[in-house]
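The following exercises concern the overall architecture of one chain.

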Amino acid sequence: MAQAQRSREGEVKQKDLSQHYLDLYQKCYWAPLTQMKSSKPIFIKSAQGCWLTDFSGKRYLDCGAGFVNVNLGWGQKEIAQVMYEKAAGVMFLGPGFIDPVQVLLAEKLLQLMPPELGLKKVFFQTGGSEANEAAFKMARQYHLQSGHPTKYKVISHWMGYHGATAAALSASGRLGRRVRFEPLMPGFIHVAPPYCYRCFFGQEYPSCGILCAQDVARIIELEGPETISAYISEPMSGSGGQNVPPPEYFEKISQICKENNVLLIMDEIITGFGRTGKMFAMSHYNARPDILVLGKGLTGGYAPLSAVVTTEAIFNAFYTERDKDKFDHVITYGGNPVSCAAGLKAIEIMERDGLVEKSRLLGEYLGKKLGEALKDHPLVAFIDGKGLRYKIELVIDKKTKEPLLAPHLLQRLKQVYMENGLIGSVVGGEVASVGISASVSPPLIIDKADLDFAVGVIKTALDEVVKKI
Ligand SMILES: Cc1ncc(COP(=O)(O)O)c(C=O)c1O
């Protein structure tokens, strides 16, 4: 604990501490995604495994794994130890210098890649938004240096999320996060998401012939293939709705991209590192990305780190005799040694403890339990997911598919979660056509008893919401 915090906690009586910190929060602090006027956050005193404890001693099971990044849970002392060692020594290096842990982590990441994809080079950044920015710039500079200077546009989905910075937000299709900042950057085109329940073309799967994928070819034709640099997608959407695309979707997209010399960027910032029961979610789909973007679970949330992984072919466009052909991009803290040490240890723990397989098996258990408890619930349209990432699509009327958007009902849902010690989120919900769903994405170290607890609280909360309709 920092000295400033230790002495403050000596001065203020234990029972007043929570209020003291809340006063400071209201006086000095500005939290993200938060209406500060009504905000009353819970101050957390300690955390262990999947559980957080507040200053009154109340415990909460975090079924959101922080921001879907704390895959290894809290209290992994081995990670803290390697971070400490780096922080006490080579904690940062300027250009031209490198710490062995940076190249060791690059090597380790490449060992995890499906070999058939030919992903051979790793470029580190700090967060997910930055990594996507770097991926767009990498794609753009690649085309410039490989004889296709007019390729600059990026295609992405409505309902997708790629980050909060300028280009990443321009690619994002989450209305709530975008609209007030429009017009955003030119050259970003949004297409229909693979969201079968509310198909943007009014079709049914599988008779649709995955029209949403085919439509990408039409958009490329209309925009002009000579103008399109890249197509970016999460393999399964995250905060925009957690859709699980049809199995053949990304094979088709990969093919369309290859035919049009459009680079396929897979944003696995949420789905990577076992979240969906495979090391990477693209492996559920036979997707063939040219650029893979990783973040969040890479360090299990212990340090900010992201990575852009790409092919030799892309790298070679930068690997020339001319200095000006280098990738002209830097972020001060990108791939810093403390974060790389955390990443290397986090992957070691993931492998040692078999967390990817655990995610797959526990995911099957979670899906079964959610189904048993909620399949016939009046507010539940369907339950879908893979590994430890499930969504429960919430509707007010199963026949009309009207989504459960009323603020007082959502408020009640969250209230019952908190009263019962469960941290969980709802995703989507900005307009009716994107629906809304409750999300279950706990740390991958969770056990069956805690999953049972989570399912029980979700059921209680939905039952309480019904009473308010
Ligand atoms: C799929 C996806 N991409 C990118 C980002 C942005 O990452 P960051 O918040 O670390 O910048 C997020 C964040 O939630 C995400 O879910």
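**Exercise 1.** State which residue ranges form domain 1 and domain 2, and how far apart their centres lie.

*Solution.* Domain 1 comprises 42-71 + 355-468, whereas domain 2 covers 81-352; these bounds come from an automatic or database domain assignment. Next, taken over C-alpha atoms, the two centres are 27 Å apart. The model is predicted: local features need pLDDT of at least 70 and side-chain atom pairs pLDDT 80 or more, while totals for chains, interfaces and linings use all residues. Residues are numbered from 1 along each chain as its sequence is written.

**Exercise 2.** Describe the side of domain 1 that touches domain 2.

*Solution.* Begin with the contacts (C-beta atoms, placed from the backbone, within 7 Å): 31 residues of domain 1 meet 27 residues of domain 2. Then identify the elements that contribute two or more residues to this side of domain 1: the helices α3 (65-68) and α13 (355-374), and the strands β11 (380-386), β12 (389-397), β15 (425-428) and β16 (436-440). Helices (H or I, at least four residues) and strands (E, at least two) are DSSP runs, numbered from the N terminus.

**Exercise 3.** Determine how many helices and strands the chain has, and what share of its residues is buried.

*Solution.* The chain contains 15 helices and 16 strands. A residue is buried if 20 or more other C-beta atoms, placed from the backbone, lie within 10 Å of its own; such residues make up 45% of the 469 in the chain. Finally, the C-alpha atoms fill a box of roughly 65 × 60 × 40 Å along the principal axes.

Key
Contact = placed C-beta atoms within 7 Å. Buried ≥ 20, exposed ≤ 12 C-beta atoms within 10 Å, placed from the backbone.
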